[in-house]
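This short report is meant for a reader meeting the structure for the first time. Please look over the sequence and the 3D view before reading on.

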Amino acid sequence: MGIRRFGVSLDSSLLKGFDSLIARKGYANRSEALRDLIRDSLVREEWEDGNRETVGTITIVYSHDTRELVDVLTDLQHNFYTSIISSLHIHLDGHNCLEVLVTKGKAKDIKKIADKLIGTKGVKHGRLSLTTTGRNLR
């Protein structure tokens, strides 16, 4: 198919804000920035579908001193071993740990896993970061 060109009309203040964003993020040009915005929207749509295969990371911070928390988190991860494809455990200090779990599967299943882990009593903070397998992006 190749590259297609098209025109976009924008209010001057919106274009000024877009150019400022491009400069801050270090894009080479408007086209590359616009491509990224479109890709981001397409990835969000994949996640909204719920049944498409996606990937993501679940990041949690917790104190390993919280009674039975480590066992609960480990059990949850074992329950979802088919969707959690990798994990990284970091000791932040003498008490706090960071875990990053790489997940792959249906978006709705990954969201459920993230909700269970992040919602576990004793988890101080958690976040699900959504991305794509890349199969449907060019």
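The model, which is predicted, contains an open sheet of 4 strands in the order 2-3-1-4, and the strands pair in the antiparallel sense. Strand 2 (84–91) and strand 4 (123–131) stand at the edges, and because each has a single partner strand, one side of each is left without a neighbour in the sheet. From one strand to the next, the twist averages 15°.

In general, the strands of a sheet pair through backbone hydrogen bonds, in either a parallel or an antiparallel arrangement. Here, strand 2 and strand 3 are joined in the antiparallel sense over 7 bridges, and in strand 3 it is Thr103 that stands opposite Ile84.

## The helix on the sheet

Helix 3, which covers residues 69–79, packs on the sheet and touches strand 1 (53–63), strand 2, strand 3 and strand 4. The direction of helix 3 makes about 170° with that of strand 1.

Cys97 lies in strand 3, which spans residues 96–106. With a relative accessible area of 1%, Cys97 counts as buried, because that term applies to values under 20%.

Apart from neighbours within four places in sequence, Cys97 is in contact with Ile60, Val61, Tyr62, His64, His89, Ile90, His91 and Leu92. Of these residues, Val61 is 36 residues away from Cys97 along the chain, yet their C-alpha atoms are separated by 5.7 Å.

Methods:
Residues are numbered from 1 along each chain as its sequence is written. This is a predicted model: local features need pLDDT of at least 70, side-chain atom pairs count only at pLDDT 80 or more; totals for chains, interfaces and linings use all residues. Side-chain values use heavy atoms; hydrogens and water are left out. Helices (H or I, at least four residues) and strands (E, at least two) are DSSP runs, numbered from the N terminus. Buried means under 20% relative accessible area, exposed over 50%, partly exposed in between (1.4 Å probe, protein chains only). Contact means heavy atoms within 4.5 Å. Two strands pair if DSSP finds at least two bridges between them. Axes are lines fitted to C-alpha atoms, for helices over the stretch in contact, and angles run from 0 to 180 degrees between N-to-C directions.
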